[in-house]
Amino acid sequence: MANIINKAEDIPFSSILQELLDTNLERNPAKMKVFKGMTGAVAIDLPDIEVAVTMVFDKGTLTIQPGIYGKPQMIIKTDSDKV
């Protein structure tokens with residue numbers, strides 16, 4: 001199981017994101033291997049539902065933060081139905 005810490009639990013999208021990531025990583029050992037080596041931050045901005053979260057990767061631990069947290073290396077701006 002992936003080590004995912006959700007600090008944005010008051011944002012429903014964060015729980016959906018956590019579940020999707022958990023499921024994908026559990027089902028695919030190759031993805032889990034890549035996940036364990038990842039560092040950096042990626043924000044997802046969903047203007048249609050006025051929500052944003054930032055995923056902070058740190059070698060096997062993912063922390064989901066509310067909003068645009070820190071200085072993410074990438075910000076993905078899209079509609080919620082495209083995630």
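Phe 57 has Leu 62 in strand E4 as its bridge partner, and this pair belongs to the antiparallel pairing of E3 with E4 (residues 61-66), which runs over six bridges. Two strands are taken as paired if DSSP finds at least two bridges between them. Helices (H or I, at least four residues) and strands (E, at least two) are DSSP runs, numbered from the N terminus. The model is a predicted one, in which local features need pLDDT of at least 70 and side-chain atom pairs count only at pLDDT 80 or more, while totals for chains, interfaces and linings use all residues. Residues are numbered from 1 along each chain as its sequence is written, and side-chain values use heavy atoms, with hydrogens and water left out.

On its other flank, the partner strand is E2. Strand E2 (residues 39-46) and E3 pair in the antiparallel sense, here over eight bridges. Strands of a sheet pair through backbone hydrogen bonds, either parallel or antiparallel.

Taken together, these pairings belong to an open sheet of five strands, ordered E1-E4-E3-E2-E5, with mixed pairing. Its edges are strand E1 (3-6) and strand E5 (74-77), each of which pairs on one side only. Neighbouring strands of the sheet are turned by 20 degrees against each other on average, direction ignored; the axes behind this value are lines fitted to C-alpha atoms, for helices over the stretch in contact, and angles run from 0 to 180 degrees between N-to-C directions.

Most residues other than glycine have a negative phi, and most peptide bonds are trans. The hairpin of E2 and E3 has four residues between its strands, and Glu 50, in the loop between E2 and E3, has a positive phi of about 55 degrees although it is not a glycine. Glu 50 counts as exposed because its relative accessibility is 75%, where buried means under 20% relative accessible area, exposed over 50%, and partly exposed in between (1.4 Å probe, protein chains only). In the hairpin of E3 and E4, two residues lie between the strands. Lys 59, found in the loop between E3 and E4, likewise is not a glycine and has a positive phi of about 45 degrees. With 59% relative accessibility, Lys 59 also counts as exposed.

The C-alpha atoms of Lys 59 and Asn 24, 35 residues apart along the chain, are separated by 17 Å.

Strand E3 itself (residues 51-58) is largely enclosed by the rest of the structure, because six of its eight residues are buried. The largest nonpolar core has 18 residues, and Phe 13 and Val 53 are those with the most contacts inside it. A nonpolar core is a set of buried Ala, Val, Leu, Ile, Met, Phe, Trp, Tyr and Cys residues joined through side-chain atoms within 4.5 Å. Helix H1 (12-27), helix H2 (29-37), E2, E3 and E4 each supply at least two residues of this core, and E3 gives the most, with four residues. Leaving aside its neighbours within four places in sequence, Val 53 has contacts that include Phe 13, Leu 17, Val 42, Ile 44 and Ile 64.

Viewed as a whole, the protein has two helices and five strands, which follow the pattern β-α-α-β-β-β-β along the sequence. Its radius of gyration is 12 Å, close to the 12 Å that the globule rule gives for 83 residues, so the protein is as compact as a globular protein of that length. This radius is taken over C-alpha atoms, and the globule rule is 2.2 Å times the number of residues to the power 0.38. Along the principal axes, the C-alpha atoms fill a box of roughly 35 × 25 × 20 Å. Of the 83 residues, 36% count as buried. Among contacts between residues at least 6 apart in sequence, 55% join residues at least 24 apart.

Methods: Contact = heavy atoms within 4.5 Å.
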